Amino acid sequence: MATSLPPLDGVFAALAHPARRAMVERLVRGEAATGELAERHEMTLSAVLQHLEVLRSAGVVASEKRGRVRVFRLRPEVLEGANRWFADQQARFWKAGLAAMDAALKEKDRG
């Protein structure tokens, strides 16, 4: 069953803030509770929760309540969608550049 991924605009917007990127970097290593994600940042717990909500709303992270603790985990398939977009753009860039270089070399050979 295919799952639909969140729109890339939301993913990129969520990753635009350095604190949110740092939270994602931490979650690459595995799940983490809110408190653990908050201890690395000099901001209020409320601000950390707002950042986590942006990541959750964009689909970058998922969370679940375990007793009295909220635990967050990364949704790598969402980041993979963003990675595919970047890879496609880079491939187009190089393809166009190499085609232009090929055309220039052929023109030089003719002239």
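The model is predicted, so local features need pLDDT of at least 70, side-chain atom pairs count only at pLDDT 80 or more, and totals for chains, interfaces and linings use all residues. Residues are numbered from 1 along each chain as its sequence is written, and side-chain values use heavy atoms, with hydrogens and water left out.

Helices (H or I, at least four residues) and strands (E, at least two) are DSSP runs, numbered from the N terminus. Here 3 strands form an open sheet in the order 1-3-2, with antiparallel pairing; two strands pair if DSSP finds at least two bridges between them. Strand 1 (32-33) and strand 2 (61-66) stand at the edges with a single partner strand each, so one side of each is left without a neighbour in the sheet. Strand 2 pairs with strand 3 in the antiparallel sense over 6 bridges, whereas strand 1 and strand 3 pair in the antiparallel sense over 2 bridges.

Along strand 3, V61 stands opposite L74, K65 stands opposite R70 and R66 stands opposite V69. The hairpin of strand 2 and strand 3 has 2 residues between the strands, and G67 takes a positive phi near 65° there.

Attention now turns to the helices. Helix 2 lies across strand 1, strand 2 and strand 3 and runs at about 85° to strand 3. Helix 2 also packs with helix 4 at an angle of about 70°, their axes being 10 Å apart. Axes are lines fitted to C-alpha atoms, for helices over the stretch in contact, and angles run from 0 to 180 degrees between N-to-C directions. Helix 2 and helix 4 are therefore roughly perpendicular to each other, a term for angles of 65 to 115 degrees, while angles under 35 count as roughly parallel, over 145 as roughly antiparallel and the rest as oblique. On the helix 2 side the contact (heavy atoms within 4.5 Å) is made by A19, R20, M23 and V24, and on the helix 4 side by V48, H51, L52, V54 and L55. These residues divide into 7 nonpolar, 1 polar and 1 charged. In this count Ala, Val, Leu, Ile, Met, Phe, Trp, Tyr, Cys and Pro are nonpolar, Asp, Glu, Lys and Arg are charged, and the others, Gly among them, are polar.

Why does R20 count as buried? R20 has a relative accessible area of 11%, and buried means under 20% relative accessible area, exposed over 50% and partly exposed in between (1.4 Å probe, protein chains only). Leaving aside neighbours within four places in sequence, R20 is in contact with A13, A14, H51, V54 and L55. The C-alpha atoms of R20 and V54 are separated by 8.4 Å, although the two residues lie 34 residues apart along the chain. H41, in the loop between helix 3 and helix 4, also counts as buried at 16% relative accessibility. Not counting residues up to four places away in sequence, H41 touches A19, A22 and M23.

The last topic is the core. A nonpolar core is a set of buried Ala, Val, Leu, Ile, Met, Phe, Trp, Tyr and Cys residues joined through side-chain atoms within 4.5 Å. The largest has 19 residues, of which L27, L37, L52, L55, V60 and V61 touch the most other members. Helix 1 (8-14), helix 2 (18-27), helix 3 (34-38), helix 4 (45-57), strand 3 (69-74) and helix 5 (76-110) each supply at least two residues of this core. With residues up to four places away in sequence not counted, V60 touches V11, A14, V24, L55, R73, L74, R75, V78 and L79.

L74, in strand 3, is buried with a relative accessible area of 15%. Beyond four places in sequence, L74 is in contact with V24, L27, V28, V60, V61 and L79. L74 and L27 are 47 residues apart in sequence and 5.7 Å apart in space, C-alpha to C-alpha. V78 is found in helix 5 and is buried, with a relative accessible area of 2%. The C-alpha atoms of V78 and A99, 21 residues apart along the chain, are separated by 32 Å.
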